[in-house]
Amino acid sequence: MTSLRYLGSVATVAAIATFYFKVIHVATATVSTTFLLAVLVISAFWGLRYAVLTSLLATLTFNYFFLPPIGTFVIADPQNWVALFAFLTTALIASHLSERARSAAMAADRRRHELEQLYGFSQQLLSTQNILELLNAIPALVVEEFDVKGAAILLSGTQKIYYSDLMMQDVLGRDELGKVLGRGEPVMDATRSLSFWPLRVGVRPSGVIVIAGRSFSRETLDALAGLIAIAIEHVQAAEKLNKSEAAREGERLRSALLDSVTHEFRTPLTGIKASVTTLLSDVALDTDQKHELLTIIEEGSDRINRLIGEATEMAQLDAGKVALNFEPHDIGEAIEVALERRKQELGRHPVDVTLPPDLPLVRMDVVRIAEVIEHFLTNAAKYSPSNTPIHITAGFADGRLTTSVADHGPGIDEFEQSLIFEKFYRGPEQRSIVPGTGMGLAIAKAIVEAHGGTIGVVSQLGRGSVFHFSLLAQS
């Protein structure tokens with residue numbers, strides 16, 4: 001390529017001289033201007049060294065062919081010496097200025113490209129919130145975004161080096177990276193085309209990044225190392241915050257569980273204890289009184305057993321250890337099972353079931369879906385005034401079958417609607433009025449989501465609530 005450009009410079013001068021000497025005769029000023037223009041064009045596109053060669057050749061050619069005496073390098077008129085010197089000086093200065101402008105434009109274009117690469121790199125760094133994933137991804141991202149041969153990263157206080165590929169493992173050793181990290185100063189190894197740059201957030205280096213196969217400006221390497229250091233600090237801080245939040249949430253759930261379970265267990269246990277104490281005393285009891293006390297014991301035992309069952313089921317659902325038996329069923333089957341199981345609780349509430357005749361089948365675990373409907377019915381019975389009806393409806397739209405249970409209770413405000421499906425949550429006004437653990441709706445949500453469905457509530461204060469869930473219907 002270099003030889004071709006030199007030949008091109010010679011050919012350009014020869015072509016201009018031939019044209020003006022053989023084809024058309026013009027004033028010497030026109031010839032010199034044309035030569036000068038050729039020098040500027042070559043300087044702008046090819047560089048200063050080619051422009052200097054063109055300037056010298058043009059000067060000699062201009063003297064030989066266009067300054068008298070023609071055909072010699074002798075200059076008879078002193079004014080021609082001035083013209084020739086002015087031409088050469090102008091050509092060289094113009095070439096130099098053109099080269100500077102060309103270099104500045106190339107540098108600006110290179111900086112723009114590096115800024116685009118840094119921006120894209122920063123966007124990639126924000127795509128993960130796991131520190132191990134980030135450290136494994138950084139070397140490969142550097143190679144991909146900056147078109148280098150390889151990269152590696154080492155954090156202070158760790159023994160593992162994260163490489164972009166096996167080639168970098170052969171090139172680098174931990175001792176070499178450790179020395180750079182210890183010094184905290186950048187190192188440029190021109191022999192191996194390696195750049196060692198410390199990662200800093202603040203004063204002390206937190207690690208070192210190594211880039212192979214391409215040289216960058218100091219500003220770009222500082223920016224690159226800074227982005228990596230900030231991303232690592234961000235992810236580490238986010239992980240610490242998440243762990244802290246998880247610990248606080250776990251503590252809150254444990255407190256809520258203990259408070260809820262303690263209250264719920266104490267009530268039936270108090271009744272059982274009182275009934276057993278009365279039965280064991282010397283008080284004379286008739287048959288009806290004994291039957292009543294035994295009924296209290298039985299109901300209390302059933303309640304405790306149900307509480308333990310809910311807690312166990314919630315734990316199994318959270319751990320994904322509940323096996324579902326998916327079969328095509330009519331939603332009416334699940335509704336019938338739920339109504340039969342909750343017959344006693346619904347005794348004071350008439351239940352209106354409205355099902356269209358052409359509802360499609362749903363692939364579901366009918367026992368578990370019946371359990372979801374049971375939780376809806378239990379809530380409706382608990383919070384609705386006696387003798388108010390409960391409505392069960394179902395409908396099909398957009399490939400999904402939606403089942404709803406509507407009551408005439410006090411309703412739920414908008415803030416609480418986003419919380420009632422969380423474990424152990426109970427409204428502040430209901431905690432001391434209506435018994436419960438806050439696990440029923442959380443269990444229902446886990447079951448529906450295990451079916452790939454959605455669950456929700458629509459409510460208006462003073463007008464009641466409509467709990468609903470949707471499942472994908474069979475085509």
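## Helix α1 and its buried face

The buried residues of α1 are G8, S9, V13, I16, A17 and Y20. Buried means under 20% relative accessible area, exposed means over 50%, and partly exposed lies in between (1.4 Å probe, protein chains only). Seen down the axis of α1, these buried residues fall within an arc of 160°, so they line one face of the helix. The arc is that of the directions from the helix axis to the C-beta atoms. The face turned away from the buried side carries the exposed residues S3, L4, L7, K22 and V23. The cover over the buried residues of α1 includes α2 and α3 (48-66). Contact here means heavy atoms within 4.5 Å.

This is a predicted model: local features need pLDDT of at least 70, side-chain atom pairs count only at pLDDT 80 or more, and totals for chains, interfaces and linings use all residues. Residues are numbered from 1 along each chain as its sequence is written, and side-chain values use heavy atoms, with hydrogens and water left out.

Helix α1 spans residues 2-23. Its 22 residues reach 31 Å from the first C-alpha to the last, close to the 32 Å expected at 1.5 Å a residue. The expected span is 1.5 Å times one less than the number of residues. Helices (H or I, at least four residues) and strands (E, at least two) are DSSP runs, numbered from the N terminus.

## Helix α2

Helix α2 covers residues 28-45. It has 18 residues and reaches 26 Å from its first C-alpha to its last, close to the expected 26 Å. Which residues of α2 are buried? They are V31, S32, F35, A38, V39, I42 and S43. These cover an arc of only 130° around the axis, which puts them on the same side of α2.

The face of α2 turned away from that side carries the exposed residues T33, L37 and F45. Just after α2 comes G47, with a positive phi of about 120°.

## An antiparallel sheet

Strands of a sheet pair through backbone hydrogen bonds, either parallel or antiparallel. Two strands count as paired if DSSP finds at least two bridges between them. Five strands form an open sheet in the order β2-β1-β5-β4-β3, with antiparallel pairing. At the edges are β2 (161-163) and β3 (187-189), and each pairs on one side only. Neighbouring strands are turned by 15° against each other on average, direction ignored. Axes are lines fitted to C-alpha atoms, for helices over the stretch in contact, and angles run from 0 to 180 degrees between N-to-C directions.

Follow β4 (residues 194-200) next. Three bridges join it to β3, and V187 stands opposite F196 in β4. The two strands form a hairpin with four residues between them. In that turn, S193 has a positive phi of about 55°. Seven bridges pair β4 with β5, again in the antiparallel sense. There, L194 has A212 of β5 as its bridge partner. Six of the seven residues of β4 are buried, so it is largely enclosed by the rest of the structure. Helix α5 (residues 131-146) lies across β1 (150-155), β2 and β5 (205-212), running at about 150° to β1.

## A mixed sheet

Another open sheet has five strands in the order β7-β9-β10-β12-β11. Its pairing is mixed. The edge strands are β7 (351-354) and β11, each pairing on one side only. Neighbouring strands are turned by 15° against each other on average, direction ignored.

Seven bridges join β9 to β10, which run antiparallel. I392 stands opposite V405 in β10. Helix α11 lies across β9, β10, β11 and β12, running at about 175° to β12.

## Nonpolar cores

A nonpolar core is a set of buried Ala, Val, Leu, Ile, Met, Phe, Trp, Tyr and Cys residues joined through side-chain atoms within 4.5 Å. The largest one has 36 residues. Which of them touch the most other members? They are I331, I369, F376 and F469. Elements that each supply at least two residues include α10 (331-341), α11 (366-383), β9 (390-397) and β12 (464-472). The largest share, nine residues, comes from α11.

Take I369 as one case. Leaving aside its neighbours within four places in sequence, I369 is in contact with I331, A334, M364, I447, H451, F469 and L471. Apart from this core lies another, of 28 residues, among them L155, F216, L224 and I228.
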